[in-house]
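I open a notebook on this structure and write down what I look up, entry by entry. The sequence and the model come first.

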Amino acid sequence: MAGELKIGLRGEAVTRVTEDNTALAYGSGGARVFATPAMIGLMEKAALSSVDPLLEPGQITVGIRVDVEHLAATPIGMEVVARSELVEIDGKRLVFRVEARDEQELIGRGTHERFIVNQERFLSRTAAKLKTTS
C-alpha cells in the first residue's frame, strides 16, 4: 500500500440538502427531506476519504453497507456532515463506523464494509467470467 491503513483513521464528507438529493417523506404532508440513498452515499464517501489516499495505483475499494440505522430526516437547506472511523482491518476487509448529522441532530448511523482489490486482477477475472457465460 502507498500508506499505512490503521485502526482509527477518520474521514469526513459534507453536503447541503437540496431538491436534487431529497425524497418525499412518508406522512410528511408533502415535505421533501434528505433521502436515505443520498445519506448512505455521503456516509460511504466519508469512509472512502480516509483510505483512498493510502491505496497504491491499481488498487480500488469495493464495498457493501450493513447495519444502517436511519434515525431522522433533514429538510432542504441544511448542511449534513458524515464522519467515519476505521474500526477493524481483517486482511482486505475494512470496517468503518459512520455517523451522519445535520445542524440539529444525529440522522444516520451505520457500519460500512469495504474490500480492497487489485483493479487489474478484478477486471480480468470479471472479463473471463463474462466470456464463459456468453
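**Entry 1. Helix α1.** I checked the length of helix α1 (residues 36-51): at 1.5 Å a residue its 16 residues should span 22 Å, and its end C-alpha atoms are 23 Å apart, which agrees. The expected span is 1.5 Å times one less than the number of residues in the helix. Helices are DSSP runs of H or I with at least four residues, strands are runs of E with at least two, and both are numbered from the N terminus.

I then looked up which residues of α1 are buried, meaning under 20% relative accessible area; exposed means over 50%, and partly exposed lies in between (1.4 Å probe, protein chains only). In α1 the buried residues are Met 39, Ile 40, Leu 42, Met 43, Ala 46, Ala 47, Leu 48, Ser 50 and Val 51. Their cover includes the strands β1 (10-16), β3 (32-34), β4, β5 (79-90), β6 (93-101) and β7 (106-118).

**Entry 2. Ground rules.** I note that this is a predicted model, in which local features need pLDDT of at least 70 and side-chain atom pairs count only at pLDDT 80 or more, while totals for chains, interfaces and linings use all residues. Residues are numbered from 1 along each chain as its sequence is written, and side-chain values use heavy atoms, with hydrogens and water left out.

**Entry 3. The whole chain.** I counted 2 helices and 7 strands in the chain. Along the sequence they follow the pattern β-β-β-α-β-β-β-β-α. The C-alpha trace spans about 50 × 40 × 20 Å along its principal axes. Of the 134 residues in the chain, 35% are buried.

I also looked at contacts, meaning heavy atoms within 4.5 Å. Among contacts between residues at least 6 apart in sequence, 66% join residues at least 24 apart. The chain exposes about 7900 Å², of which carbon and sulfur atoms supply 51%. Accessible areas come from the Shrake-Rupley method with a 1.4 Å probe, and for residues only the protein chains shown count as cover.

**Entry 4. Annotated positions.** Which residues does UniProt list for "binding site"? The unreviewed entry lists Gly 63 and Arg 114. Although spread over 52 residues of sequence, they cluster in space, with a largest C-alpha distance of 4.0 Å. UniProt positions are given in the numbering used here, feature names are shortened, and annotations may be inferred rather than shown by experiment.

I found Gly 63 in strand β4. Gly 63 counts as partly exposed because its relative accessibility is 31%. Leaving aside neighbours within four places in sequence, Gly 63 is in contact with Glu 113 and Arg 114.

Arg 114 is in strand β7. Is Arg 114 buried or exposed? Arg 114 is buried, because its relative accessible area is 9%. With neighbours within four places in sequence left aside, the contacts of Arg 114 include Glu 44, Leu 48, Thr 61, Val 62, Gly 63 and Lys 92.

**Entry 5. Salt bridges.** I counted 10 salt bridges in the structure; the term means a side-chain nitrogen of Lys or Arg within 4 Å of a carboxyl oxygen of Asp or Glu. Arg 93 and Glu 88 meet in one of them (3.2 Å, N to O). Glu 113 also forms a salt bridge with Arg 93, with the closest N and O atoms 3.2 Å apart. Glu 113 lies in strand β7 and Arg 93 in strand β6, so the pair ties together parts that are 20 residues apart in sequence.

Glu 113 counts as buried at 14% relative accessibility, whereas Glu 88 is partly exposed at 34%. A network of salt bridges links Glu 88, Asp 90, Arg 93 and Glu 113.

I noted a further salt bridge between Arg 101 and Glu 99 (3.6 Å, N to O). Arg 101 is partly exposed at 38% relative accessible area, and Glu 99 is partly exposed at 26%.

**Entry 6. A surface patch.** Which residues form a nonpolar patch on the surface? They are Val 62, Ile 64 and Phe 115, with about 230 Å² of accessible area together. Patches are made of residues with over 30% relative accessible area and no salt bridge; like charges are joined within 9 Å, and nonpolar side chains (Val, Leu, Ile, Met, Phe, Trp, Tyr) within 5 Å. Ile 64 lies in strand β4 (residues 59-70) and counts as partly exposed at 47% relative accessibility.
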